[in-house]
Amino acid sequence: MPALASLVTGDSMVEVRDSPGLLRLDWTGRSNARHPGGALEPYFEAILARARSEGCQVEGHFEHLEFFNSSTISSAIQFIREARAQGTTLAFVYDGDQKWQALTFEALRTFELPDGLLETRALTRPR
């Protein structure tokens, strides 16, 4: 399968690092588009199609993202639902030292279920 392209939408970028068993999505910039779903949803569909065909997990890295709005959170929730529906393991990694990220991902933690298909994980810097 061909490599997945990076996605630039508004002031943010999602770059894919494809390795055996893992699709890593590195988010950077500011995800502040009013309607990011138009770009994100087809992109997430392609990511999940690749994960399904290769039997790999998906890991979203948000620790270098400066901001994301509620519209982006809605797209992330839809991504969680679609990944779970197809049985794809999904992890969200964030910067636990950034208060806004900690609050956002703690809220998304409510989507973690005993099925183990979603994990939210904080990275923190040594003090």
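I call a crossover right-handed if, with the strands pointing away from me, the path from the first strand over the helix to the second runs clockwise. I take helices (H or I, at least four residues) and strands (E, at least two) as DSSP runs, numbered from the N terminus.

**Ground rules.** I am working on a predicted model, where local features need pLDDT of at least 70, side-chain atom pairs count only at pLDDT 80 or more, and totals for chains, interfaces and linings use all residues. Residues are numbered from 1 along each chain as its sequence is written, and side-chain values use heavy atoms, with hydrogens and water left out.

**Crossover.** I looked up strand 5, helix 3 (residues 99-108) and strand 6. They make a right-handed β-α-β unit.

**Sheet.** I count two strands as paired if DSSP finds at least two bridges between them. I found an open sheet of six strands, in the order 1-2-3-4-5-6, with mixed pairing. Strand 1 (7-9) and strand 6 are the edge strands, each pairing on one side only. From one strand to the next, the twist averages 15°; for angles I use lines fitted to C-alpha atoms, for helices over the stretch in contact, and run from 0 to 180 degrees between N-to-C directions.

I then checked the pairs. Strand 5 (residues 90-95) runs parallel to strand 6 (residues 118-123) over six bridges. Asp95 has Leu123 of strand 6 as its bridge partner. Strand 4 (residues 57-68) also pairs with strand 5 in the parallel sense, over four bridges. There, His61 is bridged to Val93 of strand 5.

**Helices on the sheet.** I set contact at heavy atoms within 4.5 Å. Helix 3 packs on the sheet and touches strands 4, 5 and 6; its direction makes about 140° with that of strand 4. Helix 1 (residues 37-54) lies across strand 1, strand 2 (11-19), strand 3 (22-31) and strand 4, at about 165° to strand 3.

**Salt bridges.** My rule is a side-chain nitrogen of Lys or Arg within 4 Å of a carboxyl oxygen of Asp or Glu. The count comes to nine. I score burial by relative accessible area: buried under 20%, exposed over 50%, partly exposed in between (1.4 Å probe, protein chains only).

Arg17 bridges Asp26, with the closest N and O atoms 2.8 Å apart. Asp26 is buried at 10%, whereas Arg17 is partly exposed at 47%. A salt-bridge network links Arg17, Arg24 and Asp26.

Arg109 reaches Glu106 at 3.0 Å, closest N to O. Arg109 also meets Glu112 at 3.7 Å, N to O. Arg109 is partly exposed at 28%. Glu106 is partly exposed at 40%, and Glu112 is partly exposed at 28%.
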